[in-house]
Amino acid sequence: MYFGKKYQKRFQSDLITLMPRLWRFALSLAGQKDLADDLVQATCLRALERESQFQAGSNFAAWTMTICRSIWLNEMRSQHLRKTGQLDTAIESNLIDPSPSPETNIFAAEVFKQVMRLPEGQRSVVELVFVEQFTYREAAAILGIPIGTVMSRLSAARKTLAPLQQEQASQMKKGELA
Amino acid sequence: MTYPDEHLRSYLAGSLDPETAQQIEADLENDPILEQRLLALEGLRPVVQQGFAEIPETDHLKELEHKIFAQPTAANDHASAPSFVRTWGGRAATLVVGLAMGTSLIYWADDTPDWRQEVASYQALYVKETIASLDRSEHELKQELVAASTVVGQQLNLSDLNDLDGLKLLRTQVLGHEGAPLIQIVFADPNGAPVAFCILKDTDAAGTSMQSTSLKGMASADWTGNGYRYLVIGGQNQSRIDTVAKQIHSRVL
């Protein structure tokens, strides 16, 4: 638990440091850039309100992402569904800016597109375990699902994404990727 | 139950017989070592990280950060209010001026332990046997560095970590410190003893020059620059640690 103003200032600073990871997780849940923005904003404000509930020494990133998941499932997802009638159709595949190495960038864009095309449940598990480096157990706790469900979602995602791994290995062999 | 690596690889590839696969998933519930072994074999991890390396765009994030934290709200009013408190990189020492037992007192109070002390405590658990079985191929070492670069936002090249005063690169892993990514790159010295190079992202950190210190009985050298804190630590040979730190400093920063 944080006490006093110096901790409150630090709490905000920790939230800002966490924002890139939080935004990626929000995108994996929401599937759209603008919804991810709204979700991150709502999460940060909720986290600030609940600052006194955070236990010092526990995993700050996991705590914040649990809030994010809860807001998405309990508040924003149903609103989105009511508005659009679509549960999971948006695909953000144009967020990668073409920069340094064309080969690296084309491949990175392809990876991003394939991950974003996964169903929401698989996408969020892949994001937490593969991108944010949470353990299976931590991902299960953040998403509020059994570890077995994490493993089965990952298993399905691995099948879809396996060709990317082969492609990367072949490009690295040819020296096209760093 | 202990599973050979080939079983775990088959499990990840979806080609293991269903009965053993179910047993692995059941064992995962209570076996953190099995979990770490499986995670270490997840070949898709570095691949997927590459796809998210530029996500989100820095400018977009800055705008969002401004939108959330610049406007006063009931929730964050207190955080932006002026106070006598000064943070060091948001994390370290706070100068507190106060009265104690009727006399004026100026002292430094840690609001968290120095990150170097925490890394040193972790590093102190490493012995030769911990790293003896680490045997990554060049391809795996590269993949781990790509993954770590993505998470921490700093390019780490295999070539920068070779020929460091006889050290052999063994492994790179992503850890975390108070929500910020912390990279630990593990080497073996010529005697097989563990040495680590650690990077902590801290955008508020002011640049500092290199300094040598003994931490938890181990030789160390640390410096700060470009929004990162760096630490080389391990063993008792301060001269080697200083040499390695200078080499890394000239290549990485």
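## Fold of chain A

Along its sequence, chain A follows the pattern α-α-α-α-α-α-α. Its secondary structure amounts to seven helices and zero strands. The model described here is predicted.

Chain A has 178 residues, and 53% of them count as buried. Among its contacts between residues at least 6 apart in sequence, 66% join residues at least 24 apart.

## Nonpolar cores

The largest nonpolar core comprises 75 residues. Those with the most contacts inside this core are A:Val40, A:Val126 and A:Tyr136, together with B:Leu38 and B:Val48. Helix α1 of chain A, spanning residues 4-30, gives the most to this core, contributing eleven residues. Another core, of 29 residues, lies apart from it; B:Leu158, B:Leu169, B:Ile241 and B:Val244 are among its members.

## Confidence in chain B

Chain B averages a pLDDT of 80, and 82% of the residues score at least 70. Over residues 73-112 of chain B, pLDDT stays under 50. For this segment the model has 73 contacts beyond four places in sequence.

Key: Residues are numbered from 1 along each chain as its sequence is written. Chains are lettered from A and ligands numbered from 1 in the order in which they are written. This is a predicted model: local features need pLDDT of at least 70, side-chain atom pairs count only at pLDDT 80 or more; totals for chains, interfaces and linings use all residues. Side-chain values use heavy atoms; hydrogens and water are left out. pLDDT is the predictor's confidence in each residue, from 0 to 100. Contact means heavy atoms within 4.5 Å. A nonpolar core is a set of buried Ala, Val, Leu, Ile, Met, Phe, Trp, Tyr and Cys residues joined through side-chain atoms within 4.5 Å. Buried means under 20% relative accessible area, exposed over 50%, partly exposed in between (1.4 Å probe, protein chains only). Helices (H or I, at least four residues) and strands (E, at least two) are DSSP runs, numbered from the N terminus.
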